[in-house]
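Hi,

Here is the model for you to look through. My notes follow below it.

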Amino acid sequence: MWPQHGGKTASIKAVFRNKGINEKEFIDFSANLNPLGTPSLILKAMQESIVHSSTVYPDPEYSEERAILAAFEGVKPENILLTNGGAEAIFLVTSLFKNGKAGIFQPSFSEYERACRCHDILVTDLSHEELKMGNGRIQKEDGDVLFLCRPNNPTGEMISKETVLNLLNSASLNEQAVIIDEAFIHFTESDESLEDLLQHYSNLIIVRSLTKIYAVPGIRSGYILANDSIIQKLEAISVPWSVNCAALAMIHALPHTYDHLTETKKWLQAEWKQLRTKLQALNFIVTKSVVNFYLLNDPLLENHEPLLLFLAREGILARHTMNFHGIEGCSVRLAIRTREENEKLLTALRKWRDPS
């Protein structure tokens with residue numbers, strides 16, 4: 001059975017062994033991490049925190065860190081709550097709607113549905129494509145809360161800010177909350193982010209993560225942006241000291257990492273442009289991604305498991321799409337990595353197209 005998430009995990013290796021693929025070292029195109037890596041200042045800050053701060057309890061209010069992160073994101077400290085990664089943020093905000101009903105714009109990240117099931121929330125699938133095309137008609141019966149991933153995982157595509165405004169206005173009339181997951185927003189241009197809308201929409205909750213852009217998934221660093229009344233409700237039910245000293249130290253280093261963000265966006269724009277052109281020349285269909293991953297479809301295939309396994313035999317670990325509603329294995333998801341690694345992917349795909 002294919003695992004829920006990407007990465008070079010024991011479960012994915014077990015799947016490959018069962019399918020006759022021997023253990024090997026893969027280039028990991030299944031996890032969406034910044035290939036430019038982690039800024040040295042962040043690494044140094046986290047290392048020093050282990051030495052100097054791991055023997056004491058953090059401030060349970062995270063007052064300093066909230067102020068730093070609030071300034072980094074352009075919000076007030078009372079509009080932010082730190083969490084142990086984006087996953088804790090998703091499960092925490094979902095708990096506010098226990099025993100209710102949720103609408104999820106699909107295809108999307110599977111953890112929204114899992115969080116809803118944990119809190120006895122009935123789930124309805126809504127169309128991400130229809131919303132993107134401006135045809136999404138939101139009804140009150142679609143849910144007490146609506147989940148939207150922006151930029152979307154797994155497609156990498158971005159719903160426009162105008163569309164989000166229309167959604168928020170419609171949801172406000174229906175007394176619905178809107179949870180928008182912006183885990184990958186830091187790869188995009190700043191004018192596309194939504195934090196400026198918090199002061200106008202009390203029904204907006206934004207979930208973000210620092211682990212993707214700074215390539216530190218092992219350091220669980222996430223947060224929630226919302227109006228102060230929602231933040232207070234979440235504080236009352238959150239786990240004390242859920243954020244560790246290394247994650248807190250990372251936040252202290254953020255004001256010194258703007259060059260890293262600029263460099264990442266510049267790299268992504270250039271690398272994706274040339275990679276997309278080469279993939280299309282091989283007659284693959286790719287999504288209009290604005291982040292560091294995309295869906296790849298071979299129009300000659302329906303089920304893409306044969307391509308997934310072929311790439312694995314070539315030392316390329318792609319992300320399956322079996323558990324994405326509306327896709328169910330009809331594409332593979334691939335990260336955008338370094339030029340050298342992307343060329344290795346292209347070499348494998350050329351071989352797929354012409355085995356001789």
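In what order do the seven strands of the open sheet stand? The order is E2-E8-E7-E6-E5-E3-E4, with mixed pairing. Strands are DSSP E runs of at least two residues, helices H or I runs of at least four, both numbered from the N terminus. Two strands pair if DSSP finds at least two bridges between them.

A caution on the source: this is a predicted model, local features need pLDDT of at least 70, side-chain atom pairs count only at pLDDT 80 or more, and totals for chains, interfaces and linings use all residues. Residues are numbered from 1 along each chain as its sequence is written, and side-chain values use heavy atoms, without hydrogens and water.

E2 and E8 (residues 222-225) run antiparallel, joined by four bridges. Thr83 is opposite Gly222 in E8.

Next, helix H5 (residues 111-118). Its residues Glu111, Tyr112, Glu113, Ala115 and Cys116 are buried, meaning under 20% relative accessible area with a 1.4 Å probe, protein chains only. They pack against helix H4 (85-94) and strands E3 (101-106), E4 (122-127), E5 (145-149) and E6 (177-181). Asp120 follows H5 and has a positive phi, near 55 degrees.

Last, Leu349. Neighbours within four places in sequence aside, Leu349 is in contact (heavy atoms within 4.5 Å) with Leu279, Leu282, Phe284, Leu296, Leu307 and Leu311.

Best wishes

Terms used. Buried < 20%, exposed > 50% of the residue type's maximum accessible area, 1.4 Å probe, protein only.
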